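Dear colleague,

Please open it first, and then read the notes below beside it.

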Amino acid sequence: MSGFTKEFIKGLITSNPIFVLALGLCPALATTTSLENALGLSAAVTFVLLASSTMISLIRKFIPGTVRIPVFIIIIATFVTVANMLFQAYIPTIYNALGIYLPLIVAYCIVLGRAEAFASKNKVSRSIADALGIGIGFTLALILIASIREILGTGGISIFGNDLFTLPGLGDNPIYIFILPAGAFLVVGLLLALFRWTGVTKNG
Amino acid sequence: MGELWSIFIGMALINNIILVKFLGLCPFFGISKKLGIAVNMGVLVTAVMLVASVAGWLIDNYVLAPLNAEYLNIIMYILVIATLVQMIEVFLKRTNYSLYNSFGIYLALIVTNCAVLGIILISNDEGYSFIESLIAALGAGIGFTLVLAIMSGIRERLELADCPRALKGLPIAFITGALLVMAFYGFTGIV
């Protein structure tokens with residue numbers, strides 16, 4: 001069990017996909033305009049990671065080495081299609097807000113990267129731990145970025161139609177730039193620098 | 001004609017595929033240190049985008065729509081892109097070996113380049129006609145090349161710049177990206 005925990009914890013901090021591996025930056029910038037969208041995309045990415053890692057790890061001995069990448073891509077694309085249909089059916093507002101970024105999960109290097117680097121070489125339990133760790137690490141990073149952008153850019157946080165809180169002063173005059181693309185680059189850049197400065201992650 | 005022009009400018013400058021849509025960030029941050037490589041990469045991606053858009057449109061309208069199988073589009077698109085890149089690789093290797101060599105690994109990387117898949121999805125989402133999706137792909141490709149070229153020049157200067165240790169590398173590139181987006185806001189409303 002300690003192996004399972006170790007692989008799980010690893011994804012949260014020491015190999016956090018966004019802040020350490022710098023993988024999956026496109027979604028981290030594009031869908032963090034609000035906490036709601038960030039949660040939606042994180043759920044989809046975690047689902048796809050978990051399902052495709054489990055599947056690839058299960059059939060890893062039957063995949064010929066030369067065609068492994070196309071096989072991985074088809075498995076990933078299948079689960080992305082499943083996630084897409086589930087979102088469309090059950091949470092259409094988030095499906096519409098995420099737009100092209102939901103089907104784009106298929107092209108995110110983070111999913112294929114874990115399949116190639118981990119799931120294709122390890123047994124199922126370890127692959128599940130790795131996928132969960134990376135997925136939750138990704139989710140935490142997205143929550144952090146989205147919270148900062150939504151609070152500064154709109155003055156408060158509202159989720160699924162309920163206003164959680166509004167900051168006095170900022171609520172009336174929000175700093176719009178933070179929910180625009182420029183704010184995304186700025187927030188992620190400063191967070192990366194902050195994590196290096198405090199020593200959470202090593203200088204790259 | 002006016003509509004096509006506005007799609008072109010919109011894709012290239014106003015809704016730039018890297019800066020506003022955040023697609024193709026890996027080459028933007030990863031390999032754009034030399035102007036020559038950046039431009040080559042941009043031209044290559046533009047070519048793949050054009051061919052992929054044509055293929056994507058044809059598959060959407062003549063294969064998936066008649067079969068009522070639109071839900072399979074993600075799988076089809078990614079397979080089309082992977083096949084196309086493989087074909088271009090073989091074609092270049094046979095016809096223009098020096099060009100093939102200068103692209104090297106970047107050719108293979110285009111498969112996982114979200115910009116190519118992104119442009120097919122955008123055209124599909126907007127319901128573009130054949131010509132419109134072609135123009136959109138051309139605009140997106142030129143916008144991609146432009147930003148990659150600009151960034152390569154800035155990255156060369158950043159290498160020598162004396163910035164705080166924690167900001168070196170990726171963080172300062174992100175902040176530069178933020179400034180670049182703000183500069184591109186200037187194009188808003190020109191069409």
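**Two packed helices in chain B**

Helix H4 (residues 73-95) of chain B packs against helix H7 (residues 114-126) of chain B at an angle of about 135 degrees, with the axes 10 Å apart; axes are lines fitted to C-alpha atoms, for helices over the stretch in contact, and angles run from 0 to 180 degrees between N-to-C directions. Helices here are DSSP runs (H or I, at least four residues), and strands are runs of E of at least two, numbered from the N terminus. The contact brings together B:Asn73, B:Tyr77, B:Ile78 and B:Ile81 of H4(B) with B:Val116, B:Leu117, B:Ile120 and B:Asn124 of H7(B), where two residues are in contact if their C-beta atoms, placed from the backbone, lie within 7 Å.

Please keep in mind that this is a predicted model, in which local features need pLDDT of at least 70, side-chain atom pairs count only at pLDDT 80 or more, and totals for chains, interfaces and linings use all residues. Residues are numbered from 1 along each chain as its sequence is written, while chains are lettered from A and ligands numbered from 1 in the order in which they are written.

**Chain B and its partner**

Chain B has 9 helices and 0 strands, and its C-alpha atoms fill a box of roughly 60 × 45 × 30 Å along the principal axes. Towards chain A, 30 residues of chain B are in contact with 34 residues of chain A, and H9(B) gives the largest share of the chain B side, 8 residues.

With best wishes
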